[in-house]
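Thanks for coming. Please have the sequence and the structure open while I talk.

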Amino acid sequence: MSRIQQAFAANKQKGSTTLVPFITMGDPDLKTSVDIIAELEAAGADVVELGVPYSDPLADGPVIQESSQRALQHGVTILDVVRTAQTCRERGIQLPFILFTYYNPVLQMGPERFIPLLKEHGIDGLIIPDLPIEENGDVYRLCQEHGLDLIPLVAPTSHERIRNICSTAMGFIYCISSLGVTGTRSEFYRGLEPFVEQVKQAADLPVAIGFGISNREQVERLGQIADGVVIGSAIVRKIGETIPLLTGGDDSRREGLRQIREFVSQFKV
């Protein structure tokens, strides 16, 4: 059982929903990202997605696109993100890490070099939203060889592909709650519950729901049908709102980090 699966198993035993926050690494800077991850751990997060800033994030809505642009303006690269994961480990942060990246940076580096690098730097899992299962053979093999969870995204439109996607999944199954890109929502896909049930029947792994979750009430409701929730845009927006504090003096910075911790803590149920 991987560290990611262990986190889900521990929460299941406690009757708790596994909380998986997403942040864009390097927004506003990499040092602050490390401090934010420490606050996520203090707030009760169980696993963290480390988002690699990317210029053309096809699955991401405007909030995460804007955060990526801020990070890219500071020259943050995929290697910077990987190295920062190791910095977190050296600081004593124990949370399982999932690297979230689009495929082009992986291809540019070469999967044979890239996958071992993740494990060496304390990363436990990988999500590549634009790499379909039909084309992920090399990445899948390398993840197996190096003990890295390759986590698939399953959409309500996956239909007959669901069983095939789940058959090679690792870590957990990431169910997309809505059609379209990321971003906070008041309503989810109408057929979400039967969709998640279909995924559960096809998989022996935990199931988490992501895309659009923005308040505690939604977490409580979705926690009734899934093992975990992934929260991205709501947290990334909060980080963006606190940048003036995070980039100020020491007292200001502490206040910004406190606000982020308190915001994220509401999602732990």
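I will go through the backbone, then the aromatic rings, then the nonpolar cores.

One caution before the details: this is a predicted model.

Let us begin with the backbone. Which two residues does a cis peptide bond join? They are Asp27 and Pro28, and omega there is about 10 degrees. If you want to find Pro28 on the screen, look in the loop between strand E1 (18-24) and helix H2 (30-42).

Next, two residues with positive phi. His159 has a phi near 50 degrees, and it is not a glycine. You will find His159 in the loop that runs between strand E6 (153-154) and helix H8 (162-167). The other residue is Phe211, with phi near 85 degrees, and again this is a residue other than glycine. Phe211 also sits in a loop, between strand E8 (207-210) and helix H10 (216-222).

Are these residues buried or exposed? His159 has a relative accessibility of 47%, so it counts as partly exposed. Phe211 has a relative accessible area of 7%, so it counts as buried.

Now the aromatic rings. A pair of rings is described by two things, the distance of the centres and the angle of the planes. How many aromatic pairs does a search of the whole structure find? The search gives six. I will show two of them.

Take Phe8 and Phe172. Their ring centres are 5.0 Å apart and their planes meet at 35 degrees, so this pair is tilted. The two residues come from distant parts of the chain: Phe8 belongs to helix H1 (residues 3-14), while Phe172 is in the loop between H8 and strand E7 (173-176), and 164 residues separate them. Phe8 is buried, at 4% relative accessible area, and Phe172 is buried too, at 0%.

The other pair is Phe22 with Phe100. Here the centres are 5.5 Å apart and the angle between the planes is 90 degrees, which makes the pair edge-to-face. Phe22 is in strand E1 and Phe100 is in strand E3 (residues 97-100), so the pair ties together parts that lie 78 residues apart in sequence. Both Phe22 and Phe100 are buried. They also belong to one aromatic cluster, together with Tyr54 and Tyr102.

One more ring before we move on. The charged end of Arg89 sits over the ring of Phe97, at 3.8 Å from the ring centre.

Phe97 brings us to the cores. In soluble globular proteins, nonpolar side chains tend to be buried together. In this model the largest nonpolar core has 73 residues, and the members that touch the most others are Phe97, Leu99, Phe114, Leu126 and Ile173. Which helix gives the most to this core? Helix H4 (residues 78-91) does, with six residues.

Leu126 is worth a click. Leaving out neighbours within four places in sequence, its contacts include Ile98, Leu99, Phe114, Val139 and Ile151.

There is also a second, separate core of 22 residues, and among them are Ala7, Val47, Val230 and Val236.

Last, Val196, which lies in helix H9 (residues 192-202). Its relative accessibility is 1%, so Val196 counts as buried. Beyond residues up to four places away in sequence, Val196 touches Val207, Ile209 and Ile225. From Val196 to Ala7 the distance is 20 Å, C-alpha to C-alpha, and the two are 189 residues apart in sequence.

That is the end of my part.

Note on methods: Residues numbered from 1 in each chain as written. Predicted model: local features only at pLDDT ≥ 70, side-chain atom pairs only at ≥ 80, totals over all residues. Heavy atoms only, no water. Helix = DSSP H or I, 4+ residues; strand = E, 2+ residues; numbered from the N terminus. Buried < 20%, exposed > 50% of the residue type's maximum accessible area, 1.4 Å probe, protein only. Phe/Tyr/Trp six-rings, centres within 6.5 Å; stacked < 30°, edge-to-face > 60°. Lys NZ or Arg CZ within 6 Å of the ring centre and 35° of its normal. Core = buried A, V, L, I, M, F, W, Y, C linked by side-chain atoms within 4.5 Å. Contact = heavy atoms within 4.5 Å.
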